[in-house]
Amino acid sequence: MSDTDSRTPARARPAVAAADGAAGRVLLGAFAAATAADLGSLLAGWHLGHVIAKPLLMPLLVAYVATRRAPRLLIAALLFGWGGDLALLFDADPAFLVGMGSFAAGHVCYLVLFGRRGAHPALGGAYAVALVGTVALLWGDLPADLRIPVAGYSLLLTAMAWRSGSLGLRAGLGGALFLLSDTLIATGVAAWPQLPRPDFWIMATYVAAQYLLAAGALAPTQAYGRTVIQD
């Protein structure tokens, strides 16, 4: 049981839980609406709409998971993702590096959150092959000053994607989508041919990834209808 629950009188806990549930539903709806606005803006080519909607996404998701008594490390990971989101609104190499660093810090938070739970070794091998192949293919087309940072970030991201499966299917899918989203970004930096509306696909996979990772991380904190302590 969480510290908050232990300080709340037993007869008041159902009312508190109901209030948190109602607030959570409203915040999750707001997150869905902001996601729709952002993706719709990208499809329509309305840059201002993207600039307005994108910074709202992670704060709304953080507010939602807070109503579910989220682990602190999950909140930190999402906030570092928000920092990366803001940095990548600026089209400049320094901003790209700042954004990559912020996302990397978020991946470290996820990895610590996953702890020592088991992850399938065969899946780890598949991710390792994908990592080596992708970095090798991209290497020659990346700007020289970004090659080492991108390779290091890719290693950390791939480790997070693999370990995310330790929390179940939802989190594992979230990790895979995060890897896909950032790979799409890297192919753009390498000036590879892109899908139509590449920013739409990058954001769609990214937002789905963060939500699924959050949902997967929340599930183990619930035990017999009560919230348990988890950092």
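Which residues does L78 touch, not counting residues up to four places away in sequence? Select L78 and find out: M58, L61, V62, V65, Y110 and Q210. Contact here means heavy atoms within 4.5 Å.

**Before going on**

This is a predicted model, in which local features need pLDDT of at least 70, side-chain atom pairs count only at pLDDT 80 or more, and totals for chains, interfaces and linings use all residues. Residues are numbered from 1 along each chain as its sequence is written, and side-chain values use heavy atoms, with hydrogens and water left out.

**Stop 1: the whole chain**

Show the protein as a cartoon. Helices (H or I, at least four residues) and strands (E, at least two) are DSSP runs, numbered from the N terminus. Trace the chain from the N terminus and the order is α-α-α-α-α-α-α-α-α-β-β.

Now color by burial. Buried means under 20% relative accessible area, exposed means over 50%, and partly exposed is in between (1.4 Å probe, protein chains only). Of the 231 residues, 42% count as buried. Look at the contacts with a separation of 6 or more: residues 24 or more positions apart account for 73% of them.

**Stop 2: the nonpolar core**

L78 is among the residues with the most contacts inside the largest nonpolar core, alongside V65, L74, Y110 and F178. That core has 49 residues. A nonpolar core is a set of buried Ala, Val, Leu, Ile, Met, Phe, Trp, Tyr and Cys residues joined through side-chain atoms within 4.5 Å. Which helices supply at least two residues each? Select α2 (13-44), α3 (47-67), α4, α5 (93-114), α6, α7 (147-164), α8 and α9. Of these, α9 gives the most, with 10 residues. In soluble globular proteins, nonpolar side chains tend to be buried together.

**Stop 3: α4 against α9**

Select residues 72-87 for α4 and 198-218 for α9. They pack at an angle of about 170 degrees, with their axes 10 Å apart. Axes are lines fitted to C-alpha atoms, for helices over the stretch in contact, and angles run from 0 to 180 degrees between N-to-C directions. Angles under 35 degrees count as roughly parallel, over 145 as roughly antiparallel, 65 to 115 as roughly perpendicular and the rest as oblique. The two helices are therefore roughly antiparallel.

Show the side chains. From α4 come L74, L78, G81 and D85; from α9 come Y206, Q210, A214, A217 and L218. By class, that is six nonpolar, two polar and one charged residues. Ala, Val, Leu, Ile, Met, Phe, Trp, Tyr, Cys and Pro count as nonpolar, Asp, Glu, Lys and Arg as charged, and the others, Gly among them, as polar.

Keep α9 selected. Its 21 residues reach 30 Å from first C-alpha to last, close to the 30 Å expected at 1.5 Å a residue. The expected span is 1.5 Å times one less than the number of residues. In α9, 15 of the 21 residues are buried, so this helix is largely enclosed by the rest of the structure.

**Stop 4: α6 beside α8**

Move to residues 121-139 (α6) and 169-189 (α8). Their axes lie 11 Å apart, at an angle of about 10 degrees. These two are therefore roughly parallel. On the α6 side, pick Y127, T134 and L138; they meet G172, A176, L179, T183, A186 and T187 in α8. This contact has five nonpolar, four polar and no charged residues.

**Stop 5: two places on α7**

Buried or exposed: what is M160? Select M160 in helix α7. M160 is buried, with a relative accessible area of 0%. Beyond four places in sequence, M160 touches H107, Y110, L111, F114, G175, F178 and L213. M160 and L111 are 49 residues apart in sequence, yet 5.8 Å apart in space, C-alpha to C-alpha.

G152 is partly exposed, at 42%.

**Stop 6**

Select T67 in α3. T67 counts as buried, at 15% relative accessibility. Show D20, A23, G24 and L27, which T67 touches.

Next, R69, in the loop between α3 and α4. Its phi is near 60 degrees, a positive value in a residue other than glycine. R69 counts as partly exposed, at 22%.

Finish at A191, in the loop between α8 and α9. Phi of A191 is also positive, near 65 degrees. A191 counts as exposed, at 65%.
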